[in-house]
Amino acid sequence: MGSDASDNGLIRIGQTALHRWREALERRVGANAATCLQEVGAASGADIYEAFQRWFPMHTGLDDPGELRADRFGEVLSAFFSELGWGGLQVARLGTGGLELTSTDWAEAAPTANAAYPTCYLSAGMLADLLSRMADAPIAIMEVECRSRRDPQCRFLAGAPETLEAAYDAMNASRDYLAVFGV
């Protein structure tokens, strides 16, 4: 994160290590790897949020993230995550009750993994905690597309936990999950 990289409370690990971490957990604990990584991601949310709060004034000229115009949120969030090495994010409203976060270069995705399901579990936990802190309300995240399963992008849905639960239920019942968001 520019000149403040050594003082942001974060450490860096390489993409390869992140991918091997997920693979090792999947081998050892199977389907429980997703829950483990989501928990670790959520635990990182406070540190990510604090780093964002320190980064924000230097890169926007504003003192408080609450002062940011909604139409700039995606651009600012993308710049922050790009500087951290996670990749860029495009953020768009999703109907009346959600957000859609997409990335064509998200670091957690392993395009050669040929996974059956989205695998950015750590990111889902991290983004849920970060966005919950920003919104001062519970936010859930569900990844519905992932470069690890050869989708062209990683695509996360964000919204109230009950909204995401309803979207998940709709997906499992082969119904249009976007209808839950009013799309």
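Biologist: How many salt bridges does the count come to?

Modeller: Keep in mind that this is a predicted model. Side chains of opposite charge can pair when their charged atoms come close. The cut-off here is a Lys or Arg side-chain nitrogen within 4 Å of a carboxyl oxygen of Asp or Glu. By that rule, the count comes to eight salt bridges.

Biologist: Take Arg 69 and Asp 71: what is the N to O distance in their salt bridge?

Modeller: Let's look at where they sit. Arg 69 has 52% relative accessibility, so it counts as exposed, and Asp 71 counts as exposed too, at 58%. Their side chains meet in a salt bridge, with an N to O distance of 3.0 Å.

Biologist: And Glu 145 with Arg 155: are they buried or exposed?

Modeller: These two form a salt bridge, their closest N and O atoms being 3.3 Å apart. The pair links distant parts of the chain, with Glu 145 in strand S3 (residues 140-145) and Arg 155 in strand S4 (residues 154-159), ten residues apart. As for accessibility, both Glu 145 and Arg 155 are buried.

Biologist: Which residue is linked with Glu 145 and Arg 155 in a network of salt bridges?

Modeller: We already have a salt bridge between Glu 145 and Arg 155. The network of salt bridges that links those two also takes in Glu 100.

Biologist: Which residue forms a salt bridge with Arg 149?

Modeller: Arg 149 has a relative accessibility of 29%, so it counts as partly exposed. Its side chain meets its partner at 2.6 Å, N to O, and that partner is Asp 151.

Biologist: Where is Asp 136 found?

Modeller: Asp 136 has a positive phi of about 55°, although it is not a glycine. With a relative accessible area of 72%, it is exposed. You'll find Asp 136 in the loop between helix H4 (121-135) and S3.

Biologist: What about Arg 150, what is its phi near?

Modeller: Arg 150 lies in the loop between S3 and S4. It is exposed, with a relative accessible area of 54%. Arg 150 is a residue other than glycine, yet its phi is positive, near 70°.

Biologist: Last one: how many disulfides does the structure hold?

Modeller: A disulfide needs two cysteine sulfurs within 2.5 Å. For Cys 36, the nearest cysteine sulfur is that of Cys 120, 17 Å away. Cys 120 is in no disulfide, with the sulfur of Cys 146 nearest at 3.8 Å. The number of disulfides in the structure is zero.

How values were computed:
Residues numbered from 1 in each chain as written. Predicted model: local features only at pLDDT ≥ 70, side-chain atom pairs only at ≥ 80, totals over all residues. Heavy atoms only, no water. Buried < 20%, exposed > 50% of the residue type's maximum accessible area, 1.4 Å probe, protein only. Helix = DSSP H or I, 4+ residues; strand = E, 2+ residues; numbered from the N terminus.
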